[in-house]
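Here is a short briefing on one protein model. Keep the structure open as you read.

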Amino acid sequence: MKIAIFGSKHQKKEQIEKLFKILLDNKTEIHLQEKFYNYLKDVLFLQYDIAGIITNDEFDADLVISIGGDGTFLRTASIIGKKNIPILGINAGRLGFLADVGEKDLEATFTDVFSGNYRIEHRSQLQLSTEHRDYLGFNYALNEIAILKQDTASMITVHAYINDEYLTSYEADGLIVATPTGSTAYSLSVGGPVMTPTAANIVIAAVAPHSLSNRPLVVTDDCVLTLEVESRNKNFLISLDGRSNIFTTGTKLIIKKADFTLRVIKRKENTFYNTLRNKLMWGVDPRQS
């Protein structure tokens, strides 16, 4: 099995050693992202017999491993792009919604992976389009596309249309358009609903809206959202999973469901509802902690 590994610069040495022992014992062909390879070699003083180093986005593999947090997972997902390679998220810190395999679960997880005893979740993504391809970089998002005021500027006004029908004009610090995967990320922090990851929906949620009647809206994911932004300083920020560009007002934004999904590997017993309970501490009485 050919495995490509991407990681953050915040790792537990013991966990890395444990992971590589499992992979090498199973005679996998390991390819490391160049930055991660240099981090392991220069910071953790770890070197392994690997098959190759990944120096750009042009690579192929049977499986991609992301080691870090949800941010690392999102960056890795953008590198995978349309390659249709399944990804497994290993958490190097606190439990994440995307990188949800902890150190204690490594052996059991890879026993399942090597035996084919796992499930694949197809996670929908969002595509951003503009007339002149203004966004620099991978114009897709797994979690959310956020339209935000720049720095300390006044509120922005976002005129929103769904399938060319006028919806409303949001006066707010920003507007979030989120996938079901992203419903537990930025959208959740502004009062958006939690959705199961494979739901066929999109969330539209304002950031600090001027009117309290502007509530999050859930629409079907076959809708096409058109946004036009007004700002006093003539600029606004647009962020795709944290990858940000500055746009000028007058740029028409078109957001729709992407024509491909991200294939996420999950253990059969590791369900979204288990993660919700653990991450959000549902059912936990703080008085008894």
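The points below cover an annotated site, a helix and a sheet.

This is a predicted model: local features need pLDDT of at least 70, side-chain atom pairs count only at pLDDT 80 or more, and totals for chains, interfaces and linings use all residues. Residues are numbered from 1 along each chain as its sequence is written, and side-chain values use heavy atoms, with hydrogens and water left out.

**The annotated site**
- UniProt lists Asp70 as "active site" in an unreviewed entry; such annotations may be inferred rather than shown by experiment.
- Asp70 lies in helix H3 (residues 70–80). Helices are DSSP runs of H or I with at least four residues, and strands are runs of E with at least two, numbered from the N terminus.
- Asp70 is partly exposed, at 24% relative accessible area. Buried means under 20%, exposed over 50%, and partly exposed in between (1.4 Å probe, protein chains only).
- Leaving out residues up to four places away in sequence, Asp70 touches Gly96, Phe97, Leu98 and Ala99. Contact means heavy atoms within 4.5 Å.

**Helix H2**
- Phe36, Tyr37, Tyr39 and Leu40 are buried in helix H2 (residues 34–42).
- Seen down the axis of H2, these buried residues fall within an arc of 160°, so they line one face of the helix. The arc uses directions from the helix axis to the C-beta atoms.
- The buried residues of H2 pack against helix H1 and strands S1, S2, S3 and S4.

**The sheet**
- An open sheet of 6 strands runs S13-S12-S11-S8-S15-S16, with antiparallel pairing. Two strands pair if DSSP finds at least two bridges between them.
- Strands S13 (217–220) and S16 (243–248) stand at the edges, each with a single partner strand, so one side of each lacks a neighbour in the sheet.
- Strands S8 and S15 run antiparallel and are joined by 4 bridges. Ala146 has Ser239 in S15 as its bridge partner.
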